[in-house]
Amino acid sequence: MSAVSTPSPLPASARRDAEATKAAILKAARHLLARHAHADITLKAVAERAGVSPPLVLKYFGNKDALFARVMSFEADADALLDAPLDVLGRHMVHQVLASQSQQGADPLLRIVFAPLHGEQGDILRANFRTQVTERLAARLTGPDAGLRAELAVGMLLGLGVMYGIARGAHARGAPVDDVVDRYAPALQAHLTPGAGTQPS
């Protein structure tokens with residue numbers, strides 16, 4: 001008499017592996033999107049950079065459009081970028097950009113710099129960036145000109161990201177992250193809470 005088998009739940013290690021694989025695919029797609037036009041990026045190139053097979057990319061994301069819809073969203077990046085009280089948000093944002101660059105080799109914002117490469121997809125990238133990052137930050141600010149102040153603050157972050165991650169400024173990259181944060185954050189915080197004085201350290 002043969003035993004009846006029932007499907008066993010996916011082991012925790014397999015679930016972790018699946019999440020790690022999806023994260024690697026997204027990271028690879030972001031890397032390529034920051035360096036090549038959307039139309040020139042193939043799923044094969046994404047798979048090779050992620051160290052997986054093209055069918056695995058399809059398994060997790062379905063198709064190229066679905067994958068890049070995820071890559072062009074800034075929602076998760078904005079969650080991390082804005083995860084601090086307003087009175088210390090400038091310091092947190094600067095640290096987040098530098099830590100992402102120095103530890104992960106990725107910047108949560110820099111994809112927007114390459115929007116002109118992507119044609120119609122670049123318009124989607126811009127719209128997402130505006131609503132998911134800049135307007136979301138503006139909604140947290142009080143006082144006059146919140147939209148302008150949010151755009152100026154985000155512009156400062158982008159400039160720092162370009163110098164650190166694209167121009168690869170030797171002095172900025174050679175300095176301790178906390179030193180750069182100490183120097184850069186007060187000017188950014190001045191847009192977020194004008195007239196509030198020096199932000200706490």
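Mentor: Let's start with one definition: a contact means heavy atoms within 4.5 Å. Keep it in mind as we look around this predicted model.

Trainee: Okay. How many helices and strands are there in the protein?

Mentor: There are 10 helices and 0 strands. Reading along the sequence gives the pattern α-α-α-α-α-α-α-α-α-α.

Trainee: Which residues of H7 and H8 meet?

Mentor: From H7, Phe129, Val133, Thr134, Leu137 and Ala138 take part. Their partners in H8 are Ala146, Gly147, Ala150, Glu151, Ala153, Val154 and Leu158.

Trainee: And at what angle do the axes of H7 and H8 cross?

Mentor: Roughly 115°, with the axes coming within 8 Å, where H8 covers residues 146-166. The crossing of H7 past H8 is right-handed.

Trainee: Phe129 has a ring. How do I read a pair of rings?

Mentor: A pair of aromatic rings is described by the distance of the centres and the angle of the planes. The count for this protein is 1 aromatic pair. The partners are Phe74 and Phe129: their ring centres are 5.1 Å apart and their planes stand at 80°, so the pair is edge-to-face. The cut-off you need for that is an angle over 60 degrees.

Trainee: Where do Phe74 and Phe129 lie?

Mentor: Phe74 is in the loop between helix H4 (64-71) and helix H5 (75-81), while Phe129 is in helix H7 (residues 119-140), so the pair ties together parts that are 55 residues apart in sequence.

Trainee: Are Phe74 and Phe129 buried or exposed?

Mentor: Buried means under 20% relative accessible area. Phe74, at 0%, counts as buried, and Phe129, at 7%, does too.

Trainee: Which charged end sits over the ring of Phe74?

Mentor: That of Arg111, 4.3 Å from the ring centre. You can find another case at Tyr164, where the charged end of Arg173 sits over the ring, 5.0 Å from its centre.

Trainee: Let me try Thr21. Which helix is it in, and what does Thr21 touch?

Mentor: Thr21 belongs to helix H1 (residues 12-33). Leaving aside residues up to four places away in sequence, Thr21 touches Val52, Leu56 and Tyr60. Its relative accessible area is 18%, so Thr21 is buried.

Trainee: What about the protein as a whole?

Mentor: Of its 201 residues, 40% count as buried. The protein exposes about 11000 Å², and carbon and sulfur atoms supply 56% of that. Among contacts with a separation of 6 or more, 67% are between residues 24 or more positions apart.

Methods: Residues are numbered from 1 along each chain as its sequence is written. This is a predicted model: local features need pLDDT of at least 70, side-chain atom pairs count only at pLDDT 80 or more; totals for chains, interfaces and linings use all residues. Side-chain values use heavy atoms; hydrogens and water are left out. Rings of Phe, Tyr and Trp (its six-membered ring) pair if their centres lie within 6.5 Å; planes under 30 degrees apart count as stacked, over 60 as edge-to-face and the rest as tilted. Helices (H or I, at least four residues) and strands (E, at least two) are DSSP runs, numbered from the N terminus. Buried means under 20% relative accessible area, exposed over 50%, partly exposed in between (1.4 Å probe, protein chains only). A charge sits over a ring if NZ of Lys or CZ of Arg is within 6 Å of the ring centre and within 35 degrees of the ring normal. Accessible areas come from the Shrake-Rupley method with a 1.4 Å probe; for residues, only the protein chains shown count as cover. Axes are lines fitted to C-alpha atoms, for helices over the stretch in contact, and angles run from 0 to 180 degrees between N-to-C directions. A crossing is left-handed if the near helix is turned anticlockwise from the far one by less than a right angle, and right-handed if clockwise.
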